[in-house]
Amino acid sequence: MATSTTREPWLLENGNVKVLTREKHGRTAQNMSTSSLRKKSDMTLVSKVPISFLRLFLANLQEVILGTKLSVLFPAIPLAIIAHYCGFGKPWIFGLSLIGLTPLAERISFMTEQITFYTGPTVGGLLNATCGNATELIIALFALWQRKVDVVKFSLLGSILSNLLLVLGTSLFCGGLANLHSEQKYDRKQADINTVLLLLSLLCHILPLMFRYAGDDTAYSPNDTLQLSRASSIIMLVAYVAYLFFQLWTHREFFEAQEEEDDDLVSEEAPVLGFWSAFIWLAGMTIVIAVLSEYVVGTIEEASASWGISVSFISIILLPIVGNAAEHAGAVIFAFKNKLDITLGVALGSATQIALFVVPVSVVFAWVLDINMNLDFNLLETGSLALSVLVTAFTLQDGTSHYMKGFVLLLCYVVISACFFVSNGSTTNTGNGLNLGLNSSSK
């Protein structure tokens, strides 16, 4: 087993060289996906800086800001802040904030990967499980804080649909075309467990909807649906903890097989940041994501009115596409390389994490804030989720892939996108629905 050693003394806070082996590096499919968008930095000039503290800072700054192919999008972050404080139009603030979130999502993955070099695979896996969809979680929490339950439900639903249909569909389609004369295969073990967990999440979403329509209207109480949703959220969190235990301890080999098959990529990886540097950068970028998320949530209605597009379409389609662009692009790149295990780990892993972790955490957080958020996403939204999960499950049942499977998934995403594009929100204002944050946020 090859051993990677970091020899740049300006990258280590304590001045000691630490030997880091591949065995201790607990990389996930999301880490490997976003790593395809990174680029190596030339430290020749930085190494000549005589002051050690300044040398460390400049080295870290170069790795963090210029170490990604998405660095050209970083100027959108200060522009969004300037637009906010200078009173620019809110659609401009929304658009710039959305663009600024794209490189930050990739950099969060980079920071967590750097930390895993020092913590080992178990702690690193837990860190990735927490930060893997940090952007979606922070946007959801800020939307709840502003009592915009509709934005929370729409954005989380859109993230799941985007991963299952757009990301997976594009990856299978492009990978199938790039490998037209060879059959693409993948390990079904990881896909099967993610599919089962997604079906569990789907059941927890369908039951509150069925509960609302099954009973007599006079006997129906929104509080009953709310209590059922909270109990289901706790069950989903228990399932997610069990999934982490399954992934990190008992059946770790299911999720490490993809890393062994990508030897050329992993062998080149070595830590470029010290532990505390990576931790500080991770905390700082999380704060920046929180600021931009607050801008996005606070301006989404104005952007919707200005652009003539419904809030549902912006939240379900635009937010997930832009917010996860880096991870999505990496999944497609690995599909081109005929490494579908990594692609499936990205698409299904992210969808599972949102469905079993981010969604129930949002419900529990709303519970703490005394906001009535339930798992009843209404008929149109829940139906779209159910059909997407089922289509994906049937697509992945035989362990092989070709471009036609990806094409069908893409067509499913297009027709769902068209549905929410023509919808003006009237479909979500019935029953115990979203009501644009009015009834759903009442105490």
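**Salt bridges and a helix pair**

Trainee: Is Arg212 buried or exposed?
Mentor: This is a predicted model, so every value here is computed from it. Arg212 has a relative accessible area of 7%. The cut-off for that class is under 20%, so Arg212 counts as buried.

Trainee: In which helix do Arg188 and Asp192 both lie?
Mentor: Their side chains form a salt bridge, 3.7 Å from N to O. Arg188 is partly exposed at 35% relative accessibility, and Asp192 is partly exposed at 32%. The two are 4 residues apart, about one turn of the helix, and that helix is α8 (residues 188-214).

Trainee: Lys405 forms a salt bridge with Asp398, so is Asp398 buried or partly exposed?
Mentor: The closest N and O atoms of that pair are 2.7 Å apart. Lys405 is buried, with a relative accessible area of 14%. Asp398 has a relative accessibility of 43%, and therefore counts as partly exposed.

Trainee: How many salt bridges does a search of the whole structure find?
Mentor: We've talked through some, including Lys405 with Asp398. For the whole structure, the search gives a total of 6.

Trainee: Are α7 and α14 roughly parallel or antiparallel to each other?
Mentor: The axes of α7 (residues 149-178) and α14 (residues 325-336) come within 7 Å and cross at roughly 30 degrees. Angles under 35 degrees fall in one class, so α7 and α14 are roughly parallel.

Trainee: How many residues of the contact of α7 with α14 are charged?
Mentor: The crossing of these two helices, α7 and α14, is right-handed. Among the contact residues are Val167, Thr170 and Cys174 of α7, with Glu327, Ala331 and Phe336 of α14. By type, the contact has 7 nonpolar and 6 polar residues, and the charged count is 1.

Definitions and conventions:
Residues are numbered from 1 along each chain as its sequence is written. This is a predicted model: local features need pLDDT of at least 70, side-chain atom pairs count only at pLDDT 80 or more; totals for chains, interfaces and linings use all residues. Side-chain values use heavy atoms; hydrogens and water are left out. A salt bridge is a side-chain nitrogen of Lys or Arg within 4 Å of a carboxyl oxygen of Asp or Glu. Buried means under 20% relative accessible area, exposed over 50%, partly exposed in between (1.4 Å probe, protein chains only). Axes are lines fitted to C-alpha atoms, for helices over the stretch in contact, and angles run from 0 to 180 degrees between N-to-C directions. Angles under 35 degrees count as roughly parallel, over 145 as roughly antiparallel, 65 to 115 as roughly perpendicular and the rest as oblique. A crossing is left-handed if the near helix is turned anticlockwise from the far one by less than a right angle, and right-handed if clockwise. Contact means heavy atoms within 4.5 Å. Ala, Val, Leu, Ile, Met, Phe, Trp, Tyr, Cys and Pro count as nonpolar, Asp, Glu, Lys and Arg as charged, and the others, Gly among them, as polar.
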